[in-house]
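Student: I have a model open and some questions about it. Can we go through them one by one?

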Amino acid sequence: MSEISKLTVTTPIGLLQIIATDKAIVSAKPTDHEENIVGNEAANKLAQECKVELAEYFAGKRKKFDLPLKQEGTQFQKKVWQELKQIPYGETKTYGEIAKLIDKPKASRAIGMANHNNSIMILVPCHRVVGADGSLTGYAYGVKIKKFLLELERKNR
């Protein structure tokens, strides 16, 4: 098994913990405590690159991420997460639109659960999925953060 690195970074939405192996980012999500555990050099390098790319994102200078990602999940979840990465910066899609794009038109609720289980926030932009009426419905990390991220992207489009 690959060694992992954990790196906590301060962002405008609070502390985010980045977890990386030597091959990919496996998690980036809020944490309430600082923890920096450095694994092997390759994993640490990826975690550091993720920190830089997130800083550029929050500064309005990065619209796409270039890092390798690896998420554990069902085939359905992976399909949803792949579709999320196709939503352009500063734009949104509804849960229903995502369901149709993956040929599961009645799966809006399941799309919501797949979003909820996304372990790599921002890089896999689950914040770009909204309710059918455009409302900022549920977000695993809080509607306040979702609103902040969407406003940041609209402002820097």
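Student: Leaving aside neighbours within four places in sequence, which residues is Lys-29 in contact with?
Tutor: This is a predicted model. Lys-29 lies in strand 3, residues 25–30. Set aside its neighbours within four places in sequence, and its contacts are Leu-15, Leu-16, Gln-17, Ser-119, Met-121 and Tyr-141.

Student: How far apart are the C-alpha atoms of Lys-29 and Ile-120?
Tutor: Along the chain, Lys-29 and Ile-120 are 91 residues apart.

Student: Is Lys-29 buried, partly exposed or exposed?
Tutor: Its relative accessible area is 35%. Buried requires under 20%, and exposed requires over 50%. Lys-29 falls in between, so the class is partly exposed.

Student: Where is Asn-115, and is it buried or exposed?
Tutor: Asn-115 sits in helix 4, residues 108–116. Its relative accessibility is 6%. The cut-off for buried is under 20%. Asn-115 is therefore buried.

Student: Which residues does Asn-115 contact, leaving aside neighbours within four places in sequence?
Tutor: Contact means heavy atoms within 4.5 Å. With those sequence neighbours left out, Asn-115 touches Val-80, Leu-84, Tyr-95, Cys-126 and Val-129.

Student: How do helix 2 and helix 4 pack: roughly parallel or roughly perpendicular?
Tutor: Helix 2 covers residues 75–84, and its axis is 9 Å from that of helix 4. The angle between them is about 80°. Angles from 65 to 115 degrees count as roughly perpendicular. So helix 2 and helix 4 are roughly perpendicular.

Student: How many residues in that contact of helix 2 with helix 4 are nonpolar, polar and charged?
Tutor: Helix 2 supplies Phe-76, Gln-77, Val-80, Trp-81 and Leu-84. Helix 4 supplies Ala-110, Ile-111, Ala-114 and Asn-115. The division is seven nonpolar, two polar and no charged.

Student: Are Cys-50 and Cys-126 buried or exposed?
Tutor: Cys-50 has 0% relative accessibility. For Cys-126, the relative accessible area is 2%. Cys-50 counts as buried, and Cys-126 is also buried.

Student: What is the phi of Asp-103, and is Asp-103 buried or exposed?
Tutor: Most residues other than glycine have a negative phi. Asp-103 is not a glycine, yet its phi is positive, about 60°. It lies in the loop between helix 3 (95–101) and helix 4. With a relative accessible area of 64%, Asp-103 is exposed.

Student: And Ile-122: what is its phi, and is it buried or exposed?
Tutor: Ile-122 is not a glycine either, and its phi is positive at about 70°. Its loop runs between helix 4 and strand 5 (129–130). At 1% relative accessibility, Ile-122 is buried.

Student: In what order do the helices and strands come?
Tutor: The protein chain has five helices and five strands. Read from the N terminus, the order is β-β-β-α-α-β-α-α-β-α.

Student: What is the radius of gyration of the protein chain?
Tutor: The C-alpha trace spans about 45 × 35 × 25 Å along its principal axes. A compact globule of 157 residues would have a radius of gyration near 15 Å. The protein chain agrees with that, at 15 Å.

Definitions and conventions. Residues are numbered from 1 along each chain as its sequence is written. This is a predicted model: local features need pLDDT of at least 70, side-chain atom pairs count only at pLDDT 80 or more; totals for chains, interfaces and linings use all residues. Side-chain values use heavy atoms; hydrogens and water are left out. Helices (H or I, at least four residues) and strands (E, at least two) are DSSP runs, numbered from the N terminus. Buried means under 20% relative accessible area, exposed over 50%, partly exposed in between (1.4 Å probe, protein chains only). Axes are lines fitted to C-alpha atoms, for helices over the stretch in contact, and angles run from 0 to 180 degrees between N-to-C directions. Angles under 35 degrees count as roughly parallel, over 145 as roughly antiparallel, 65 to 115 as roughly perpendicular and the rest as oblique. Ala, Val, Leu, Ile, Met, Phe, Trp, Tyr, Cys and Pro count as nonpolar, Asp, Glu, Lys and Arg as charged, and the others, Gly among them, as polar. The radius of gyration is taken over C-alpha atoms; the globule rule is 2.2 Å times the number of residues to the power 0.38.
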